[in-house]
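Here are my notes on this model, point by point. Please read them with the structure open beside you.

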Amino acid sequence: MNAVIGNATQAVDAIADRLTRINWENVYQDLDSYGSALLPRLITPEECTALIALYPRDDIFRSRVVMERHGFGRGEYKYFSYPLPELIGDLRNALYPLLAPLANRWNETMNIAARFPQRHADFIARCHTAGQLRPTPLMLQYGEGDYNCLHQDLYGEHVFPLQAAILLSAPRRDFSGGEFVMTEQRPRMQSRPEVIPLGQGDAVVFAVHNRPVQGQRGAYRVNLRHGVSRIRSGSRHTLGVIFHDAS
């Protein structure tokens, strides 16, 4: 049975089981300290292959973006349409409730009024009521020489402060280069870079925009951006899981 289109109940159970094996205390500590955290082997190589095989299809995507035309870098990506492929919807629904408490704590610390419900469906309903109707999960495709400029995925008034990226291709086998990169800008300081090494099926959870940092005079916000360094050979596919929808 197709790992992406297959039995929904089995897929939800499989993702939930993998998430229970992750040390979430360490994940939350890394997110608090660095703005990113690794979720190793979140999806299987077979699921990665099945997802990559979806990319040539036009019927399941709502739009295609050629990055060079917009000054975003080089390469391209496609946004999925609703209904999402089951594995992607399951990832969105299973990850969100594990991240919502941290998102609420961050917003409280940064004096941001928005609070997030425990169920992803309730948050999506809030987005849709505000006119943010377009799904944001996407797949990115890079070839030799391609890269993704540092950016933030902000699509409307309602923004969930964390997102995930899952590497679908195998480093050293399918491509070289193409590291996931983040920068963090603190007030009156130069930007701090962070490179997160990923294997096939690994996910990185990271801050979309801001995160709180505790200073001598209390907490303050730091600004984060993410991107991908130049692909030196081969091709690289990534799945992006963004929890808010776009206007």
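Which strand gives the most to the lining of the largest pocket?

1. **The main contributor.** Strand S15 does, with five residues. Keep in mind throughout that this is a predicted model. S15 covers residues 236-242. Other strands also take part: S4, S5, S6, S7 and S13, like S15, each supply at least two residues of this lining.

2. **The largest pocket.** The space in it comes to about 410 Å³. Its lining has 28 residues. Nearest the centre are Asn 148, His 151, Asp 153, Tyr 155 and His 226. By type, the lining splits into 18 nonpolar, eight polar and two charged residues.

3. **Two histidines face to face.** Which residue is the bridge partner of His 151 in S13? The partner is His 226. Both histidines are among the residues that lie nearest the centre of the largest pocket. Their strands, S6 and S13 (residues 218-228), pair in the antiparallel sense over two bridges.

4. **The other partner of S6.** S6 spans residues 147-151 and also pairs with S3, residues 73-74. Again there are two bridges, in the antiparallel sense. Here Arg 74 stands opposite Tyr 147.

5. **The second largest pocket.** About 250 Å³ of space lies here. The lining has 14 residues, with Asn 107, Ile 112, Ala 114, Phe 116 and Val 159 nearest the centre. Eight of the lining residues are nonpolar, four polar and two charged.

6. Strands of a sheet pair through backbone hydrogen bonds, either parallel or antiparallel. This open sheet has antiparallel pairing and runs in the order S1-S11-S7-S15-S5-S4-S2. S1 (36-39) and S2 (61-66) are the edge strands, each pairing on one side only. On average, neighbouring strands of the sheet are turned by 20 degrees against each other, direction ignored.

7. **Bridges within that sheet.** S5 and S15 run antiparallel and are joined by five bridges. Leu 138 stands opposite Gly 240 of S15. Five bridges also join S2 to S4, again antiparallel. Val 66 has Glu 76 of S4 as its bridge partner. S4 and S5 share four bridges and run antiparallel. On that side, Glu 76 stands opposite Gln 141 in S5.

8. Most residues other than glycine have a negative phi, and most peptide bonds are trans. Tyr 82 and Pro 83 are joined by a cis peptide bond, with omega about -5 degrees. Pro 83 sits in the loop between S4 and helix H5 (86-109). Arg 41 has a positive phi, near 50 degrees. Its loop lies between S1 and helix H3 (45-52). Asn 111 has a positive phi too, about 60 degrees. It is found in the loop between H5 and helix H6 (120-129).

9. Are Arg 41 and Asn 111 buried or exposed? Arg 41 counts as exposed because its relative accessibility is 65%, and exposed means over 50%. Asn 111 is exposed as well, at 70%.

10. **Tyr 55.** This residue lies in the loop between H3 and S2. Despite the loop setting, Tyr 55 is buried, with a relative accessible area of 4%. From Asp 13, Tyr 55 is 42 residues away in sequence and 25 Å away in space, C-alpha to C-alpha.

11. Cys 149 is partly exposed, at 28%.

Methods. Residues are numbered from 1 along each chain as its sequence is written. This is a predicted model: local features need pLDDT of at least 70, side-chain atom pairs count only at pLDDT 80 or more; totals for chains, interfaces and linings use all residues. Side-chain values use heavy atoms; hydrogens and water are left out. Two strands pair if DSSP finds at least two bridges between them. Buried means under 20% relative accessible area, exposed over 50%, partly exposed in between (1.4 Å probe, protein chains only). On a 1 Å grid over the protein atoms alone, a cavity is a set of points where a 1.4 Å probe fits but cannot get out, and a pocket is an open set with protein on both sides within 12 Å along at least five of seven lines; lining residues have an atom within 4 Å of a point. Grid points are joined across faces, edges and corners, and a volume is the space filled by probe spheres set on the points. Ala, Val, Leu, Ile, Met, Phe, Trp, Tyr, Cys and Pro count as nonpolar, Asp, Glu, Lys and Arg as charged, and the others, Gly among them, as polar. Axes are lines fitted to C-alpha atoms, for helices over the stretch in contact, and angles run from 0 to 180 degrees between N-to-C directions.
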